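The sequence and structure come first.

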Amino acid sequence: MENFKTIAHTDSYEKDIKKSKFIVHLAQTNSEQEANEFIAKIKKQESSATHNCHAFIVQENVLIERMSDDGEPSGTAGSPILNVLQQQEMSNVTAVVTRYFGGIKLGAGGLIRAYSSTTAEGIKEMGLVENRLQQGYHLNIPYHLYDKFENYANNSKILLENKQFSTDVTVDVFLDLETQNEIIQDITDQFQNQIKFEKTDQAFKQIPIDAN
């Protein structure tokens, strides 16, 4: 699987438009089954709503995209939700937008704008992560260099995992495949070859990014 963007965490976002309440529920979903389970959960949770419209994009053996207007006029709900996910270049994500009708009809254009804006604002509120394949390394750091290295890691946005403090300090880090050699060389130069690297496994890690 290639790198992809998805929602940072499962959450919801609510806004009122002409007395109708719109709530977008967003979740990471890694299969069509997970997407359908999340949709069913939200429909049960919001069973008194007028509509629970949805869209999802998941990558299994092939890219799967689904949407539903759930009783809204054709093309006014599911498609706008899906379009927002596509514009953000997201994958493995499901969005369910719940509507509680407030008595004022919005018209087709109004519905499209309402479902689009609710989804987009929800994504911005919750934030995005990039699910990125990275190479793992186990590092052995002389104790007296650890504070300096921790500052280097923070400035370089390198997450330190599994810290162990003894005579020396050991940590696990994950580096982008494209830049790992450059980073290792930079650390080697800055710390005068005193930090030892042991290559471990590759893994997908979730890196926070800004929503557009």
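Lys163 and Glu150 form a salt bridge, with their closest N and O atoms 3.5 Å apart; the term denotes a side-chain nitrogen of Lys or Arg within 4 Å of a carboxyl oxygen of Asp or Glu. The pair joins distant parts of the chain, since Lys163 belongs to strand E8 and Glu150, 13 residues apart from Lys163, to helix H4 (residues 146-155). Helices (H or I, at least four residues) and strands (E, at least two) are DSSP runs numbered from the N terminus. Lys163 has a relative accessible area of 36% and is therefore partly exposed, and Glu150 is partly exposed at 24%. Here buried means under 20% relative accessible area, exposed over 50%, and partly exposed in between (1.4 Å probe, protein chains only).

The model is predicted: local features need pLDDT of at least 70, side-chain atom pairs count only at pLDDT 80 or more, and totals for chains, interfaces and linings use all residues. Residues are numbered from 1 along each chain as its sequence is written, and side-chain values use heavy atoms, with hydrogens and water left out.

## Other salt bridges

By the same criterion, the count comes to 7 salt bridges. In one of them, the side chains of Lys15 and Glu121 meet at 3.0 Å, N to O. Lys15 lies in strand E2 (residues 11-17) and Glu121 in helix H3 (residues 107-126), 106 residues apart. Lys15 is buried because its relative accessible area is 18%, whereas Glu121, at 30%, counts as partly exposed.

Arg132 and Glu130 form a salt bridge at 2.8 Å, N to O, and both residues are buried. Glu130, Arg132 and Asp176 are linked in a network of salt bridges.

## Surroundings of Glu161

Glu161 is found in strand E8 (residues 161-165) and counts as buried because its relative accessibility is 19%. Leaving aside residues up to four places away in sequence, Glu161 touches Val171, Asp172, Phe174 and Lys205, where contact means heavy atoms within 4.5 Å.

## Largest pocket

The largest pocket holds about 420 Å³ of space. Of its 18 lining residues, the closest to its centre are Gln134, Lys157, Ile158, Leu159 and Ile207. On a 1 Å grid over the protein atoms alone, a pocket is an open set of points where a 1.4 Å probe fits, with protein on both sides within 12 Å along at least five of seven lines; lining residues have an atom within 4 Å of a point. Grid points are joined across faces, edges and corners, and the volume is the space filled by probe spheres set on the points.

Strand E10 (196-209) is among the strands that each supply at least two lining residues, and E10 gives the most, with 5.
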